[in-house]
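Colleague: Please walk me through this one. I'd like to start with how we describe the covering of a residue.

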Amino acid sequence: MTLYHSYFDLALNTHHTDSELSILFSGEGKPDPEHKQGPVVHDYYLIHTVFAGEGIFEMRGRTYTCKAGDTFIIFPGELFSYIADRDKPWHYAWVGFTGRKAGTLLESIGASAQQAVISGATPRSIRHYYRHIRRSFQHSAFPQLEDLEAEGWLRLLLRELGRANASRITERAEAATDIERQVAQAIRYLELQYTQAVSIEQLARNLGYHRTYLCKMFKQSTGLSPMQYLFNIRMERAKQLLQTSMTIDQVASSVGFNDALFFSKQFRKWSGKAPSAYRKEL
């Protein structure tokens, strides 16, 4: 028991890193009636999921009454406050984290500072993820492995919250047109497969479109044919690799060309310089 809580459990990450996603701490508690935090600002993300009871969460001028199954999310730099109910104070778990992709991951599950509460999660399954996050930090001889384990459980927690928030995710997805989604699929395929031999027929077949239709909608959206787009991906990547110690042959094969001479001709046509000349000017 700690001050202002009838139950309190906290685990800290001793190996916090500046990575895509890294946990700072995680805990679970039963605050006393009307126990309040804020108004304050944090420089990290902080998620709370309510297991029982009720409380009030405020951020960006909005007031949310949160109960069992609700999750409220505090965003860095946002002024917030929250308070336990006087008659039925909440019991919740929390996790604080940072990371270069933390904001993107929250956006992917439909969460934002404007819509900071997700409802409908099953408290029992959600509590399972929080418990595993805390158990990850057992102060073993390898805290870097604890950090990796905890990140995995956090991603599973976010996945579960995304499922509960599916209607909001669907609303955002429907804002994009069918053509935009189809072209995005094609672009993603090209970005991942540019090192391989790619044909329009293969691309269309893998995405389930007719060749003519794929080319038409792709050019309508990007101004380029799929093969022109692929060519640009390869050349831009070649520029990056030419800044390393790799040979011209190695650069060529790394961007999908089996023939280094043909690659050199294409690079010169695209950039106005042969690969070797481009490298000398770096």
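Modeller: A residue is called buried when its relative accessible area is under 20%, exposed when that area is over 50%, and partly exposed in between. One thing to keep in mind from the start is that this is a predicted model.

Colleague: Remind me, what can side chains of opposite charge do when their charged atoms come close?

Modeller: They can pair.

Colleague: How many salt bridges does the structure hold?

Modeller: There are 14. One of them joins Arg 159 and Glu 160, with 3.8 Å between the closest N and O atoms. Arg 159 is partly exposed at 33%, while Glu 160 is buried at 16%.

Colleague: What about Glu 201, which residue does it form a salt bridge with?

Modeller: With Arg 211, where the closest N and O atoms are 2.9 Å apart. Glu 201 sits in helix α6 (residues 200-207) and Arg 211 in helix α7 (residues 211-222), so this pair ties together parts that are 10 residues apart in sequence. Both ends are partly exposed: Glu 201 has a relative accessible area of 41%, and Arg 211 comes out at 39%.

Colleague: Staying with α6, which of its residues are buried?

Modeller: Ile 200, Leu 203, Ala 204 and Leu 207 are buried there. They cover an arc of only 95° around the axis, so they are on the same side of α6.

Colleague: Why do residues three or four places apart in an α-helix point the same way?

Modeller: Because an α-helix has 3.6 residues a turn.

Colleague: And what comes just after α6?

Modeller: Gly 208, which takes a positive phi of about 80°.

Colleague: Changing topic to networks. Which residues are linked in a network of salt bridges?

Modeller: Asp 9, Glu 28, Arg 127 and Arg 134 are. Arg 134 has its place in helix α2. With a relative accessible area of 7%, Arg 134 is buried.

Colleague: What does Arg 134 touch, not counting residues up to four places away in sequence?

Modeller: Asp 9, Ala 11, Ser 26, Gly 27 and Glu 28.

Colleague: Now the strands. In what order do the six strands of the open sheet come?

Modeller: The order is β1-β2-β9-β4-β7-β10, and the pairing is antiparallel. β1 (5-12) and β10 (117-118) are the edge strands, each pairing on one side only. β10 pairs with β7 (residues 71-74) over two bridges, and Thr 71 has Ile 118 as its bridge partner in β10.

Colleague: Which strands does helix α2 lie across?

Modeller: Helix α2 (residues 123-136) lies across β1, β2 (22-31), β4 (45-52) and β9 (91-98), at about 130° to β4. Helix α3 (residues 143-164) lies across β2, β4, β7, β9 and β10, and runs at about 65° to β2.

Colleague: I also spotted β8. How many of its five residues are buried?

Modeller: Four, so strand β8 (residues 80-84) is mostly covered. In β8, Ile 83 is the bridge partner of Ile 56, and Phe 80 is that of Val 40.

Colleague: Last topic, the inside. Which residues touch the most other members of the largest nonpolar core?

Modeller: Phe 57, Phe 97 and Leu 106 do, out of 48 residues in that core. Helix α3 gives the most to this core, with six residues. Apart from it lies another core of 28 residues, including Leu 242, Ala 252, Val 255 and Tyr 278.

Colleague: And what does Phe 57 touch, leaving out residues up to four places away in sequence?

Modeller: Quite a list! Among them are Tyr 64, Cys 66, Phe 72, Ile 74, Phe 80, Tyr 82 and Val 117.

Technical notes
Residues are numbered from 1 along each chain as its sequence is written. This is a predicted model: local features need pLDDT of at least 70, side-chain atom pairs count only at pLDDT 80 or more; totals for chains, interfaces and linings use all residues. Side-chain values use heavy atoms; hydrogens and water are left out. Buried means under 20% relative accessible area, exposed over 50%, partly exposed in between (1.4 Å probe, protein chains only). Two strands pair if DSSP finds at least two bridges between them. A salt bridge is a side-chain nitrogen of Lys or Arg within 4 Å of a carboxyl oxygen of Asp or Glu. The arc is that of the directions from the helix axis to the C-beta atoms. Contact means heavy atoms within 4.5 Å. Axes are lines fitted to C-alpha atoms, for helices over the stretch in contact, and angles run from 0 to 180 degrees between N-to-C directions. A nonpolar core is a set of buried Ala, Val, Leu, Ile, Met, Phe, Trp, Tyr and Cys residues joined through side-chain atoms within 4.5 Å.
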